[in-house]
Amino acid sequence: MNVNDLISKLETVRSRPDVSLETDRRIKDALEYISEDLQYLDSNRGFEEHVEEYLKETQGGNVCDCLNPMCPPKHGNLPVQIRDVDDIDKALSDYRMQHGNPDWISSCRAEWKSRKKRVKNVLEESILAAKHDDISNLDEVIDDE
Ligand SMILES: [Zn+2]
């Protein structure tokens, strides 16, 4: 199930009359907890912004193995291949063709995946919490920071 499906399912389950006020409030907390990540996942530029943020954090580090001194990631900038992407895998393989296979690609990709996973996990637990009117698992998922 993708993120949007999970959100609409949550809205349906949450609006049932047998969901207690306490559960509803906790679900609201859960949605706030993932709101920033949700915005990323929801936008076309989400991955782009994620990469940009990642490169900013690692600026100055050895982010690319290519020989080009003007290579954008070396300066904390987004590579042209990763702008306006529809297909993340294709964009990354285009990038790799010209820049070798820098480590940052796989760790940046892994962070993106775990971001997605975290959001899905919170949404799934929220659905279960609403379904069973039981927030114990939900508490665990959103208190892990
Ligand atoms: Zn490069």
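Buried residues, meaning those with 20 or more other C-beta atoms within 10 Å of their own, C-beta atoms being placed from the backbone, make up 22% of the 145 residues in the chain. The model is a predicted one, in which local features need pLDDT of at least 70 and side-chain atom pairs count only at pLDDT 80 or more, while totals for chains, interfaces and linings use all residues. Residues are numbered from 1 along each chain as its sequence is written.

**Overall form**

- The chain has 7 helices and 0 strands, where helices (H or I, at least four residues) and strands (E, at least two) are DSSP runs numbered from the N terminus.
- The radius of gyration, taken over C-alpha atoms, is compared with a globule rule of 2.2 Å times the number of residues to the power 0.38; the chain has 19 Å, whereas a compact globule of 145 residues would have a value near 15 Å.
- Along the principal axes, the C-alpha atoms of the chain fill a box of roughly 60 × 30 × 15 Å.
- Of the contacts in the chain between residues at least 6 apart in sequence, 65% join residues at least 24 apart, a contact being a pair of residues whose C-beta atoms, placed from the backbone, lie within 7 Å.

**Nonpolar cores**

- A nonpolar core is a set of buried Ala, Val, Leu, Ile, Met, Phe, Trp, Tyr and Cys residues joined through C-beta atoms within 7 Å, and the largest one has 14 residues, with Ala-30 and Val-122 having the most contacts inside it.
- Two or more residues of this core come from each of α2 (21–33), α6 (103–132) and α7 (136–142), and the largest share, 6 residues, is given by α6.
- Apart from its neighbours within four places in sequence, Ala-30 is in contact with Val-122, Ser-126, Leu-138 and Ile-142.
- A second, separate core has 12 residues, among them Phe-47, Tyr-54, Cys-64 and Cys-108.

**Packing of α3 with α4**

- Helix α3 (residues 35–42) packs with helix α4 (residues 46–57) at an angle of about 120°, their axes lying 6 Å apart.
- The two helices, α3 and α4, are therefore oblique to each other, since angles under 35 degrees count as roughly parallel, over 145 as roughly antiparallel, 65 to 115 as roughly perpendicular and the rest as oblique.
- Tyr-40, Leu-41 and Asp-42 of α3 make the contact with Gly-46, Glu-49 and His-50 of α4.

**Asn-4**

- Asn-4, in helix α1 (residues 3–14), is exposed, with 11 other C-beta atoms within 10 Å, the cut-off for exposed being 12 or fewer.
- Asn-4 and Arg-26 are 22 residues apart along the chain, and their C-alpha atoms are separated by 20 Å.

Methods
Axes fitted to C-alpha atoms, helices over the stretch in contact; angles between N-to-C directions. Contact = placed C-beta atoms within 7 Å.
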